[in-house]
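Please read it with the structure open beside you.

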Amino acid sequence: MSIRSKVIWMDGEFVPYDQANIHVLSHTLHYGLGVFEGIRSYKQVGGGGAVFRLGEHIDRLLDSAKMCMLKVPYSYEELFQACVDTLQKNELEEAYIRPLIFLGEGAMGLGARNNPVHVIIAVWNWGAYLGDEGLQQGVRVATSSFTRHAVNANLQRAKVTGHYVNSILARYEANDNGFDEAIMLDHNGYVAEGTGENLFVIRGKTIKTPAITNILGGITRRTAIEILQHNGHEVIETQFGRDALYVADEVFMTGTAAEVTPVREVDRREVGPPGPVTRMTQDVYLRGVRGEIEWMKPLLTTY
Ligand code: PMP
């Protein structure tokens with residue numbers, strides 16, 4: 001699988017893949033103040049492609065930019081259309097879409113405010129984020145020794161490039177220890193999220209997910225809650241420790257990249273193969289994004 005595409009949308013124009021370059025003194029490259037999104041489009045059962053919850057992703061992108069005081073030179077409508085145009089130009093019916101807003105070259109100090117704000121949109125084909133086997137059989141995860149940013153250490157509600165250093169360190173550690181993904185605890189020791197996923201835990205009839213305090217308000221998380229509610233389940237947004245995962249009947253993670261990924265083992269305690277609630281949520285999600293679930297159809301932007 002390659003991230004190469006024909007063209008990348010760069011500041012309003014389509015640029016051939018190999019020419020979509022930036023200056024080495026771009027501010028964001030040094031300090032990590034940039035904001036981005038991860039969006040997916042899927043081949044539809046009725047033909048063509050469609051982007052899932054595009055409007056909500058553009059809203060979150062602009063919210064992230066606002067929180068970071070990045071003045072975006074494009075409107076919601078322009079960015080929305082640019083995502084669709086980039087997919088069409090690259091003739092991709094199924095793709096991962098990556099808009100990124102970053103500060104370019106100019107002043108180098110941390111107080112720089114007048115550097116140009118650049119926007120790019122890239123698209124590529126990205127399969128199962130945690131592997132096909134992970135999506136089918138479930139992944140093995142471990143609690144990280146790295147703590148998620150405390151509420152007042154960062155703007156966790158924003159999808160900021162620099163935040164991901166914390167995630168990458170946790171992911172490297174988990175992978176080096178033989179696990180697929182890390183579970184991050186917050187500064188009080190409560191379960192926060194994965195490095196790029198939200199998390200759900202099921203025991204008996206109780207389904208819990210961490211409240212949005214210092215985690216990213218995942219769009220797939222919201223979708224999973226809606227799917228569960230549509231199917232008669234109640235979801236409680238609350239705090240819980242890692243012990244809730246150790247005695248869970250089912251655990252799953254959600255993310256645009258990870259979709260709905262079952263968790264089969266936490267810190268060497270077996271959770272077991274994907275259970276009925278996880279299977280149902282995953283099945284509805286993967287069919288819904290492809291236009292097979294009636295109530296989810298309005299969430300799709302066809303092209
Ligand atoms: N948490 C983090 C830290 C993430 O990076 C992501 C991926 N964007 C998520 C949760 C899941 O969010 P979404 O479902 O909107 O992709």
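The points below run from the whole chain to single residues.

1. **Basis.** This is a predicted model: local features need pLDDT of at least 70, side-chain atom pairs count only at pLDDT 80 or more, and totals for chains, interfaces and linings use all residues. Residues are numbered from 1 along each chain as its sequence is written, and side-chain values use heavy atoms, with hydrogens and water left out.

2. **Overall build.** The protein chain has eight helices and 17 strands. Helices (H or I, at least four residues) and strands (E, at least two) are DSSP runs, numbered from the N terminus. The radius of gyration is 19 Å, close to the 19 Å that the globule rule gives for 303 residues, so the chain is as compact as a globular protein of that length. That radius is taken over C-alpha atoms, and the globule rule is 2.2 Å times the number of residues to the power 0.38. Along its principal axes, the C-alpha trace spans about 55 × 45 × 30 Å.

3. **Burial and surface.** Of the 303 residues, 53% count as buried. Buried means under 20% relative accessible area, exposed means over 50%, and partly exposed lies in between (1.4 Å probe, protein chains only). The accessible surface of the chain comes to about 13,900 Å². Carbon and sulfur atoms hold 50% of that surface. These areas come from the Shrake-Rupley method with a 1.4 Å probe; for residues, only the protein chains shown count as cover.

4. **Contacts along the sequence.** Take the contacts between residues at least 6 apart in sequence: 70% of them join residues at least 24 apart. Contact means heavy atoms within 4.5 Å.

5. **Charges.** The chain carries 29 positive and 36 negative charges, and their mean positions are 2 Å apart. Lys and Arg count as positive, Asp and Glu as negative; His and the chain ends are not counted. Each charge is placed at NZ of Lys, CZ of Arg, CG of Asp or CD of Glu.

6. **Domains.** The domain assignment gives domain 1 (7–124) and domain 2 (132–288). Such bounds come from an automatic or database domain assignment. The C-alpha centres of the two domains lie 26 Å apart. Where they meet, 21 residues of domain 1 are in contact with 19 residues of domain 2.

7. **Ala170.** Look at helix H5 (residues 164–176), where Ala170 lies. Ala170 is buried, with a relative accessible area of 0%. Not counting residues up to four places away in sequence, Ala170 touches Ser144, Phe146, Ala182, Met184 and Thr195. Ser144 is 26 residues away in sequence, and its C-alpha is 5.8 Å from that of Ala170.

8. **Ala192.** This residue sits in strand E10 (residues 191–194). Ala192 counts as buried, at 2% relative accessibility. Neighbours within four places in sequence aside, Ala192 is in contact with Arg148, Met184, Leu185, Asp186, Pro210 and Ile215. Glu234 is 42 residues from Ala192 along the chain, with 20 Å between their C-alpha atoms.

9. **Leu62.** Helix H2 (residues 54–67) holds Leu62. At 22% relative accessibility, Leu62 counts as partly exposed. Residues up to four places away in sequence are again not counted: Leu62 touches Val72, Tyr74, Tyr76 and Leu79. Ser75, 13 residues from Leu62 in sequence, is 8.9 Å from it, C-alpha to C-alpha.

10. **Two positive phi values.** Phi of Glu91 is near 50 degrees, a positive value in a residue other than glycine. Glu91 lies in the loop between helix H3 (76–89) and strand E6 (95–103), and counts as exposed at 64% relative accessibility. Phi of Glu259 is near 55 degrees, also positive in a residue other than glycine. Glu259 is in strand E15 (residues 259–266). Is Glu259 buried or exposed? Glu259 is buried, with a relative accessible area of 6%.

11. **Thr302.** Strand E17 (residues 300–302) includes Thr302. Thr302 counts as exposed, at 60% relative accessibility. Which residues does Thr302 contact, leaving aside neighbours within four places in sequence? Thr302 is in contact with Gly49 and Ala50. Phe200 is 102 residues from Thr302 along the chain, and their C-alpha atoms are separated by 30 Å.
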